[in-house]
Amino acid sequence: MRGPLAHLVPTGLGPWGDGMARLVLQPLDLLLLVALVLLAVQGGRPWRDRLALVLSLSWLLGGGAGLGVPAELPLALPCTALVTTLGMLVSLGPKLRLHERLDERVLLTAAAGLALLFGLTAGSSLAGHGGAIEALLGEAVAIAVITALLLMALAPPHPRWLALGLRVAGSWIAASGLLMLGWLSRQPL
Amino acid sequence: MGQGWGPSRWAVPRRLSPLPPALVAAVLAPAAAWAHADLQPGGGFVAGFLHPISGLDHGVAMVAVGLWGAVLGPPALWLLPLAFPPVMALGGLLALLEVPLPGVEVGIALSGLVMGLMVLFEVKPPLWLAALIVATFAVFHGHAHGAELPAGAHALLYSLAFVIATGLLHLVGILLGEVRRWPGGRALVRLAGAGVALVGLWFLERALA
């Protein structure tokens with residue numbers, strides 16, 4: 001039996017607020033969406049335009065499915081590895097020419113798949129808790145809002161300093177992910 | 001022309017806008033809510049952010065990376081800070097996997113000394129060599145500092161904050177290095193390099209004692 005809201009930090013704002021706060025206080029999902037946004041703004045337009053909707057809906061769909069899972073899925077390690085890889089792709093940036101090599105639909109589908117997986121993990125960690133559905137909806141709304149804001153704020157064309165800044169942010173995500181992989185290998189969460 | 005000081009201009013509005021009370025409520029409400037909240041995750045972030053800043057050996061070396069990047073100019077200016085965090089994290093990962101690294105304290109002290117001297121004498125090696133030097137020292141820093149998670153702190157928040165603080169220290173070094181564009185700035189940057197080297201020397205003496 002899991003403790004009440006063991007995976008939610010009580011903000012006093014109810015399950016909605018707790019769900020929104022979860023995005024910041026347990027930031028693996030946040031790192032995923034930031035890394036995907038950075039990849040998107042480094043590349044093509046069609047992918048960028050649909051990302052906010054696709055990410056939040058896929059995450060919510062995965063989360064809903066996760067609520068039906070009887071036990072918490074032990075996916076922290078692969079999820080962290082994926083975020084680390086995305087951070088590295090962002091830090092390598094234009095050198096990879098990811099958007100030239102891959103079709104936009106492939107990238108969008110991959111982003112949706114990742115969001116689905118992360119949502120599934122989050123949903124399974126909240127399953128059985130009171131207010132889990134509201135928390136899940138709250139986090140999905142936060143994902144949509146933050147993604148849309150980031151996409152607007154970081155819309156290309158980028159001045160040289162910002163293009164470098166995006167790559168630095170990717171390297172920071174990769175570094176945090178690497179450290180987290182170490183923690184997970186020591187004590188699986 | 002309607003620019004007079006008549007009562008219509010300065011009169012108190014009959015109906016106050018609902019915005020200020022709403023703002024006050026918005027500012028006060030979270031404080032009440034957080035009063036009973038579990039702040040452990042936030043604690044992880046604060047601990048991670050303060051760790052690189054509070055350790056003098058780590059801090060001066062990180063500033064020196066930025067300073068040396070500024071001395072070397074582009075592309076090293078941005079390449080060194082870009083490469084440092086992942087390599088440092090790799091060092092942290094090695095520590096967490098309990099892979100031993102001999103002479104960690106000596107390596108950290110040497111990083112301050114060597115990079116301080118590079119800045120002091122404005123040494124400009126090829127880019128690959130500069131990157132190799134910085135990457136080697138990054139592994140030592142990561143091995144020593146990246147794996148010091150306080151009990152109960154949230155590991156990812158701690159790691160993220162640790163990396164962000166380290167990156168900001170690089171930025172401080174780069175901004176200090178940009179002083180070179182001003183008259184007398186070059187000497188100031190070299191002086192900063194001398195300071196870093198002295199701190200490194202002091203830590204080296206302690207590490208070898």
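The bond joining Pro156(A) to Pro157(A) is a cis peptide bond, with omega about 10°. Please keep in mind that this is a predicted model.

Chain B has a cis bond to show as well. There, Pro74(B) and Pro75(B) are joined by a cis peptide bond, with omega about 5°. Pro75(B) belongs to the loop between helix H4 (56-72) and H5 of chain B. As background, most residues other than glycine have a negative phi, and most peptide bonds are trans.

That brings me to phi. Glu98(B) is not a glycine, yet its phi is positive, near 60°. You'll find Glu98(B) in the loop between H5 and helix H6 (104-120) of chain B. Is Glu98(B) buried or exposed? Glu98(B) counts as exposed because it has 10 other C-beta atoms within 10 Å, and the cut-off for exposed is 12 or fewer. Glu122(B) also has a positive phi, near 50°, and lies in the loop between H6 and helix H7 (127-145) of chain B. Glu122(B) has 14 C-beta neighbours inside 10 Å, so it is classed as partly exposed.

Now, how far can we trust chain A? Its mean pLDDT is 84, with 92% of its residues at 70 or more. Within chain A, confidence is highest in H4(A), at 93, and lowest in helix H5 (residues 98-101), at a mean of 69. For residues 1-6 of chain A the pLDDT is below 50, and this stretch has seven contacts in the model beyond near neighbours in sequence. Where pLDDT is low, the predicted coordinates should not be read in detail.

Let's look at H4(A), then. Helix H4 of chain A covers residues 76-92, and its 17 residues should span 24 Å at 1.5 Å a residue; the end C-alpha atoms are 24 Å apart, so the two agree. Which residues of H4(A) are buried? They are Cys79(A), Thr80(A), Val83(A), Thr84(A), Leu86(A), Gly87(A), Val90(A) and Ser91(A). Looking down the axis of H4(A), these buried residues fall within an arc of 160°, so they line one face of the helix. For anyone wanting the geometry, an α-helix has 3.6 residues a turn, so residues three or four places apart point the same way.

What covers that face? The cover for the buried residues of H4(A) includes helix H2 (28-41), helix H6 (104-126) and H8 of chain A, together with helix H5 (76-96) of chain B. Just after H4(A) comes Gly93(A), with a positive phi of about 55°.

Leu31(A) has 25 other C-beta atoms within 10 Å, so it counts as buried; the cut-off is 20 or more. Setting aside neighbours within four places in sequence, Leu31(A) is in contact with Val83(A), Ile173(A) and Ser176(A).

Next, helix H7 of chain A, residues 132-153. Its 22 residues should span 32 Å at 1.5 Å a residue, and its end C-alpha atoms are 31 Å apart, which agrees. Among the buried residues of H7(A) are Ala135(A), Glu139(A), Ile143(A) and Ile146(A).

Over to chain B as a whole. Chain B has nine helices and zero strands. Of its 209 residues, 45% count as buried. For contacts in chain B between residues at least 6 apart in sequence, 88% join residues at least 24 apart.

How do the two chains meet? The contact draws 26 residues from chain A and 30 residues from chain B. On the chain A side, helix H8 (residues 160-186) gives the most, with 16 residues. By type, that side of chain A divides into 16 nonpolar, eight polar and two charged residues.

Last stop, the core. The largest nonpolar core has 119 residues, and those with the most contacts inside it are Ala35(A), Leu36(A), Ala64(B), Trp68(B) and Val119(B). Which residues does Trp68(B) contact, leaving aside neighbours within four places in sequence? Trp68(B) is in contact with Leu80(B), Met115(B), Met118(B) and Val119(B). Thanks, everyone!

Technical notes: Residues are numbered from 1 along each chain as its sequence is written. Chains are lettered from A and ligands numbered from 1 in the order in which they are written. This is a predicted model: local features need pLDDT of at least 70, side-chain atom pairs count only at pLDDT 80 or more; totals for chains, interfaces and linings use all residues. Two residues are in contact if their C-beta atoms, placed from the backbone, lie within 7 Å. Helices (H or I, at least four residues) and strands (E, at least two) are DSSP runs, numbered from the N terminus. Ala, Val, Leu, Ile, Met, Phe, Trp, Tyr, Cys and Pro count as nonpolar, Asp, Glu, Lys and Arg as charged, and the others, Gly among them, as polar. The expected span of a helix is 1.5 Å times one less than its number of residues. The arc is that of the directions from the helix axis to the C-beta atoms. pLDDT is the predictor's confidence in each residue, from 0 to 100. A nonpolar core is a set of buried Ala, Val, Leu, Ile, Met, Phe, Trp, Tyr and Cys residues joined through C-beta atoms within 7 Å.
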